[in-house]
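Colleague: I would like to learn how to read a model like this one. Please take me through some features.

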Amino acid sequence: MSAIASYNFGYLDEQTKRMIRRAILKAIAIPGYQVPLASREMPMPYGWGTGGGRGPAAIIGPADVLKGIDQGADDTPNAGSIPPFFAKVARVETTTRTADATIIQTRHRVPEEKLRAGQVLVYQVPIPEPLRFLEPRETETRKMHALEEYGLMHVKLYEDIARHGEIATTYAYPVKVAGRYVMDPSPTPKFDNPKMHRSDALQLFGAGREKRIYAVPPHTDVVSLDFEDHPFEVQHFSEPCALCGAEGVYLDEVVLDDRGGHMFVCSDTDHCETRRADGHVGALGTSPMESADV
Amino acid sequence: MYVAVKGGEAAIANAHRLLADRRRGDRSVPALRLDQIVEQLALSVDRAMGEGSLYDRELAALAILQARGDLVEAIFLVRAYRTTLPRFGVSEPIETGRMRIERRVSATFKDLPGGQLLGPTFDYTHRLLDPAILGDGVEAASRRPGEAEPTPRVTDLLAHEGLIEPDGEGMGEPGDLTREPLQFPMNRDLRLQALARGDEGFLLALGYSTQRGYARTHPFAGEIRIGEVDVRLDVPELGFAVSLGHIRVTECQMVNQFKGNAETPPQFTRGYGLVFGQAERKAMAMALCDRALRARELGEDITAPAQDEEFVISHSDNVQATGFVEHLKLPHYVDFQAELGLIRRLRAEHEAAVAEEAAE
């Protein structure tokens with residue numbers, strides 16, 4: 001039966017890889033601009049990392065080391081499924097350690113550890129168009145980008161302030177890239193927006209279903225939209241990570257019981273593990289989760 | 001207390017083992033063979049080939065088996081294989097006028113050259129469950145005697161009198177939305193490709209909506225034909241076209257009303273459907289949608305969903321749709337955490353404001 005279906009290195013055929021690489025080069029040349037791409041299926045479902053997956057599929061080489069992140073963690077569904085896929089079709093090494101990876105595919109988090117030059121962070125993007133929920137038509141939004149007509153976005157942010165006293169956007173918080181294009185940073189919590197600013201790493205954003213690729217080249221300005229009297233702010237957590245005691249990192253809330261009990265732990269599991277290996281202990285750091293961690 | 005922070009990878013591997021087990025089902029029941037699926041679930045195979053955009057019965061059957069009969073999942077498997085195949089050429093247009101016909105019906109003429117030929121249709125069957133089909137006691141159908149007479153397309157007959165708009169000259173190599181970025185507004189070639197790959201249920205509902213007054217196009221089923229056509233590839237090195245084999249297709253030509261305008265006298269217009277295999281419902285729905293989507297080209301008011309190209313084409317692909325709808329079950333706790341924090345703070349502020357008001 002194996003004779004009736006076989007696959008190329010990195011899954012995609014070479015023509016398609018070339019097409020995607022051309023789109024990536026264009027995206028790098030025009031930071032924040034959404035480069036259209038032809039519709040190519042990936043063997044994972046749309047909405048589950050095809051856009052991100054195409055990035056690695058097109059640029060991966062035998063020497064690359066791939067890390068997957070889903071919601072910050074290394075073994076949640078996408079992170080647990082995408083690196084093994086490339087290990088299978090491209091025979092590359094995979095890792096959970098941010099520092100060791102050359103390509104990191106992520107679903108909605110930027111690692112806490114500072115990225116370095118030479119690394120590529122590939123974001124999975126569900127809806128690449130930051131203006132989509134203000135204007136559903138692609139024909140219109142492309143025009144708005146072309147004319148740098150972003151007034152609607154500022155009105156939306158202003159309406160938030162008028163209604164809630166603050167900008168009520170907590171993730172997929174719009175940014176302006178290199179002073180030109182307003183860009184959706186993918187649904188990462190706005191906590192991660194500052195990490196995108198002048199990063200040493202190349203940041204690629206792939207939207208498979210919507211067929212767009214865009215990029216933030218290294219050292220590029222990524223500025224979150226705000227107003228002078230309502231400056232952009234990131235989330236703050238009132239307590240440190242219960243396992244490793246980290247502060248100033250993004251935390252997940254874990255529900256402990258049905259009486260409102262909860263704890264907060266690092267969203268970035270690699271960061272948390274590295275800290276615990278280095279001897280940092282949080283308030284619940286000796287909880288039995290270490291033994292469950294198999 | 002156990003905190004499930006890790007463990008996803010092992011859980012996923014276990015789930016896949018369980019899936020493989022459930023897919024196979026009771027081991028005392030013989031495993032299905034691909035030829036059984038190809039022969040006895042032929043219309044499922046046809047749908048997987050059509051919406052999977054890959055004409056290969058055996059691969060489609062494998063996909064259906066692997067998908068436990070879930071056709072959208074099977075279509076996805078076929079697509080994800082098709083996308084890896086290099087493209088080595090573009091065939092000549094297939095000539096459906098020279099189809100080896102198994103079924104051909106026209107709702108517009110009682111009799112016509114080539115005749116009405118019902119073929120293997122569910123039409124006129126009584127939908128009564130029939131246990132008698134179990135087993136092998138089905139008698140072989142007799143073949144149609146004699147040579148088939150030429151069967152010109154109904155639209156060609158109408159075109160002789162100029163009653164229907166011309167088919168249009170070929171535009172050279174058609175576009176391919178799997179190779180070139182999709183941009184709106186689209187040309188009809190790309191739109192037809194998108195419709196041919198589109199979800200049968202979605203197009204059926206949209207086509208139905210045009211019959212119920214949402215973009216009424218007064219359609220007649222000019223003709224539906226099912227049969228085999230040759231696929232020919234022009235080989236530049238040889239200087240002539242060679243036959244690659246034949247495929248079975250279903251073609252539907254809808255004949256629709258058009259009142260005419262200052263430049264054009266009243267005439268019929270066309271809606272076109274063409275699908276791999278035997279897929280009559282899909283071909284008819286596709287033809288209705290094609291005609292509705294020509295509203296802009298024909299200067300009609302765009303008032304209904306079926307006429308809205310961006311709406312229809314952006315949402316007709318079931319592989320895309322199922323992926324994005326089902327991705328909602330993926331973890332979203334990072335974003336949910338962000339919303340949770342915001343809602344808690346907004347509620348606290350609201351409470352404080354209410355308390356302050358009460359105190360005043």
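Colleague: Which residues in H7(B) meet which residues in H9(B)?

Modeller: First, the ground rules. Residues are numbered from 1 along each chain as its sequence is written, and chains are lettered from A and ligands numbered from 1 in the order in which they are written. This is a predicted model: local features need pLDDT of at least 70, side-chain atom pairs count only at pLDDT 80 or more, and totals for chains, interfaces and linings use all residues. Helices (H or I, at least four residues) and strands (E, at least two) are DSSP runs, numbered from the N terminus. Two residues are in contact if their C-beta atoms, placed from the backbone, lie within 7 Å. Now your case. B:Arg191, B:Leu192, B:Leu195 and B:Ala196 in H7(B) meet B:Met286, B:Cys289, B:Asp290 and B:Leu293 in H9(B). By class, the contact has 6 nonpolar, no polar and 2 charged residues. Ala, Val, Leu, Ile, Met, Phe, Trp, Tyr, Cys and Pro count as nonpolar, Asp, Glu, Lys and Arg as charged, and the others, Gly among them, as polar.

Colleague: At what angle do H7(B) and H9(B) pack?

Modeller: Axes are lines fitted to C-alpha atoms, for helices over the stretch in contact, and angles run from 0 to 180 degrees between N-to-C directions. Here H7 (residues 188-197) and H9 (residues 280-293) of chain B pack at about 150 degrees, with axes 10 Å apart. That makes H7(B) roughly antiparallel to H9(B). The classes are: under 35 degrees roughly parallel, over 145 roughly antiparallel, 65 to 115 roughly perpendicular, the rest oblique.

Colleague: Now the sheet. What is the strand order in chain A?

Modeller: Strands of a sheet pair through backbone hydrogen bonds, either parallel or antiparallel. Two strands pair if DSSP finds at least two bridges between them. In chain A, an open sheet of 7 strands runs S1-S9-S8-S5-S4-S2-S3, with mixed pairing. S1(A) pairs with S9 (residues 212-216) of chain A in the antiparallel sense, over 2 bridges. There, A:Pro36 stands opposite A:Arg212.

Colleague: Is S4(A) buried or exposed?

Modeller: A residue is buried if 20 or more other C-beta atoms lie within 10 Å of its own, exposed if 12 or fewer, and partly exposed in between; C-beta atoms are placed from the backbone. S4 (residues 103-107) of chain A has 5 of its 5 residues buried. On one side are A:Ile103, A:Gln105 and A:Arg107; on the other, A:Ile104 and A:Thr106. S4(A) pairs in the parallel sense with S2 (residues 65-70) of chain A over 5 bridges. With S5 (residues 120-124) of chain A, S4(A) pairs in the parallel sense over 4 bridges.

Colleague: How many residues of H4(B) are buried, and what covers them?

Modeller: In H4 (residues 57-66) of chain B, 8 of 10 residues are buried. Among them are B:Leu59, B:Leu62 and B:Ile64. The cover includes H2 (34-40), H3 (42-52) and H5 (71-82) of chain B. Just after H4(B), B:Arg68 takes a positive phi of about 60 degrees.

Colleague: How many residues does each chain give to the contact between A and B?

Modeller: Chain A gives 56 residues and chain B gives 47. On the side of chain A, the largest share, 4 residues, comes from H3(A). That side has 25 nonpolar, 18 polar and 13 charged residues.
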